[in-house]
Amino acid sequence: MFKDLKKFSYARKLKHWRDEVQETPDYYDGLENLHDRLHPGKIWLQVSDIKNLSHDTKLFRLVPGRTSKLLSPFRAGQYIGVTVEINGVRTTRPYSIISSPNQHAYYELGIRKKEGGFVSIHLYNNLKVGDTIECTEPLGEFYYNRLFHGKNLVFIAGGCGITPFISILRDISERLLPINIWLLFGCLTEKDILFKEELEDLQARRSNFKFDCILSEASSEWKGECGFITQDKIKNFVGNVSDKFFYVVGNRDMYEFIFRELENLNIPKHHITYEAYGTPDDITKVIGWPSDINRSKKVKMSVIYNDAGLMEERIFDALCIEPILNTLEREMGLKLNVESGCRSGKCALCRTKLISGKIFIPPEVTIREVDQKFGYIHPCVSYPITDVYLDLT
Amino acid sequence: MEKEITDNDQLPIVVIGAGLGGLGAGCQLALAGEKVLLLEKHNVPGGFATSFVRGRFEFEGALHVLAEVGDEENPLSLYDFFKDLGVLNKIEFKKPHDLYRSIFYDGFDETLPNDTAEYFDKLIELFPHEKKGIKKFKKIAFKVRAGFQYVAEKEGKASPMGILFKHPYLARVGGLTLKDVFDRCFKDQRLRAVVAQIWGYDGLPPSRLNAMYYILTLVALLDDAVFPVGRSHALSNTMIESFEGLKGKIKYNALVNKILTKDGKVSGVELLNGEKILCKAVISNVNPICTTMKMLPENLISDTYKKKLYAPDIGTSVFTVYLGLNASANELGINNFEIFLNSTDNLEEQYISSLRIEKPKYLLASCYNVMYENISPPGTRQVTLTALQDGKAWHTISPDQYHQKKDEMADQMIKMLEEFLSPNIRNYIEVAEAATPLTYYRYSKSMNGAIYGYKQDILDSPMLRLNSKGAIPGLYLAGAWVNLGGGYSTSLTSGRMAAAMYLEEKEQGRV
């Protein structure tokens, strides 16, 4: 017994001795710099170049806005959230990075002048070379995951949804990865085919890449495929579908269509990955939307928030068919202190407490089980269907 | 934003960080009727005690099993605390059927029950030639546990001599490694490996680990290991709800940049956005190194204290792969909650491999559905692979190599699972996400992503570890880095100890 106790007092002595003999340390944190490079949080980027990609889409090249800062590496397929201030409304939208992840000098984004769009139109029309914009670090889970995606990939892109695929294709091609890719690209008309030359060039140079374009509103001169991306077209193009992994990027209508087609082809759920849905163009058409609520219905939105240390309360009208976050951004302007990134309910940056009231969320959105119980919501995809009371402190 | 400083503006106490230590401290203070402000940099409470969503899966972030709750008949150290907070009414706890399943490279594959008597019977059944030693180990373990409970009941006021006379074993194991204790009980290498199987819960192999940590972990988990329905995210959110019910206030997205001082004492905190909050005392759930070296003005810290902070080694972090599988249990062959895979009997070797970014030799595969069926949607499974990984190994990774290294390591871990248990698992993966030591660092700012704080070796046994007393008057420390070491229940307790220390000093008029 005493031998054991001696060991303990020896340990104690040793500890004191160790504390005494070592030199006075300075602050040292071994992971801090790696962390700051990979997860800088907010970044400032400056537009260095602009190029027209098509009649309604521009390419913006962004370089570090503060000269000494380096850009963080990203995975091909990820996006950055671009924050803008338009007439006192501060808001963020995600844009996929087009440029290759193998260089870190710049990020390139493709921005389409979307009809009825708020941020896209603003960026398309007003963003000039030399402007500095606030962005999030690269985010998102849509990328080639070598752990289980395998070596045979089918990419299905609709319109602007081609952007993350361009980055993934560049990455795979530059690194000569032994991965076979079939790309089905659905567009409206000939002039909407983004990166046509690059894709054709890639197809000519690489035996592992096949590309086909399907137009839904083709002119009479178009010699290629027409219509939608149906199961027959998929099957004809890729052959055996059972050993392949499917990537889908497009809008909500396209997702619904493609997922039905893939289901008919017996593709299991775990062989499909897709980019976030984004907010629906028309929430009333989403499955589950309460039919008694029409598109002009308004509710009262009350918020309690912190204004430079003081608790303030405000009440304003909100449209049922508009995401809560959009209403907040418009009504609260720069006083709003809610972060956002994906605008699809995935990144959880905007998690907010709903004190009372009922909301509708699109069926594809998953939020934490317990958050639902405690009233935490993702306001970027939550629609107020009764009067709501939010805690923004 | 500088405001006139008046006493009215000054809060009695601010807790930095809503991790387990901060939650423990905040709730304990709120229960004592204190007006507390809890500041959290993230937008969710809990620190590691949280969950995240990928696709249709919600993954448990860190918890395997929680100890020290008990029930009405056998209340353990957290029971009354949870009861007072109303946690017990709001959360259902599930009990795993087995403590763990052990699989070795040579085909040895045994499941150890969760019941104390059955556990030791099983060991005797497996290693009949070591019967005497197993009984001896059991005796030592329970004597240590009794001593620990005695100290806990005395609330830190037990005299060293009292402990020594009543519970000599507690004092004795304080200076011993787990290997020292094993040397007195077992000869069989495999038996040692099986008994020490959950060494990952303490982060060091028997040759380096202080025996007290391991014995307390093992005994605390036997019979009493539980898992909260709703994952640990439910636990932290329920605690926050109770905390707010007790007039506590929590502020999210509030990263504290500096601890403000006046005349060498704590006078407030400054947030990253420049906002200043005045207070008389601070309990910091941030690791002690960062709290002291980064948040306090440098001239206030004595060299002796700095040395104390840096002298102990920083403990291990982990590498975790979260898998959402579109398959049922039978297809996968994973029918236990905690399955340990060992490619060697030599635990020292297992540890050495955790210092490098390479295929692990010790891997834990946890299938939560076994204990808690609806943790993932019907027809799916949630499996987490955990390997210890020293954060230091990631210091030298270049940023552009990071994702590649992360994928390589995750790939190696899945390979190990394929070899030992589930050869077809990749065919069923629907979602895969990995967390490196950097990921743990990102969300906790814990040095090196350490999950248990300082290494739990002999020089940092519970009796010699830093305690809640901070570098300057009015500053207290909470969390895994101080007091009892890493783990869910110990971190909560560590926060409660910090709160108790504050309350006592306040009563004495020292704060």
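## Helix pair in chain B

Axes are lines fitted to C-alpha atoms, for helices over the stretch in contact, and angles run from 0 to 180 degrees between N-to-C directions. In this predicted model, the axes of helix H1 (residues 20-31) and helix H18 (residues 488-507) of chain B come within 7 Å and cross at roughly 45°. Helices (H or I, at least four residues) and strands (E, at least two) are DSSP runs, numbered from the N terminus.

Residues of H1(B), including B:Leu20 and B:Leu29, meet residues of H18(B), including B:Tyr488 and B:Arg496. Contact means C-beta atoms, placed from the backbone, within 7 Å. The residues of this contact divide into eight nonpolar, eight polar and one charged.

## Chain B against chain A

On chain B, 57 residues are in contact with 46 residues of chain A. H16(B) gives the largest share of the chain B side, six residues. That side holds 25 nonpolar, 13 polar and 19 charged residues.

## A sheet in chain A

Five strands of chain A form an open sheet with mixed pairing, in the order S14-S13-S19-S15-S17. Strands pair if DSSP finds at least two bridges between them. S15 (residues 352-356) and S17 of chain A pair in the antiparallel sense over two bridges. A:Lys353 has A:Tyr376 in S17(A) as its bridge partner.

## Basis

Residues are numbered from 1 along each chain as its sequence is written, with chains lettered from A and ligands numbered from 1 in the order in which they are written. Local features need pLDDT of at least 70, side-chain atom pairs count only at pLDDT 80 or more, and totals for chains, interfaces and linings use all residues.

Terms used:
Contact = placed C-beta atoms within 7 Å. Nonpolar A, V, L, I, M, F, W, Y, C, P; charged D, E, K, R; others polar.
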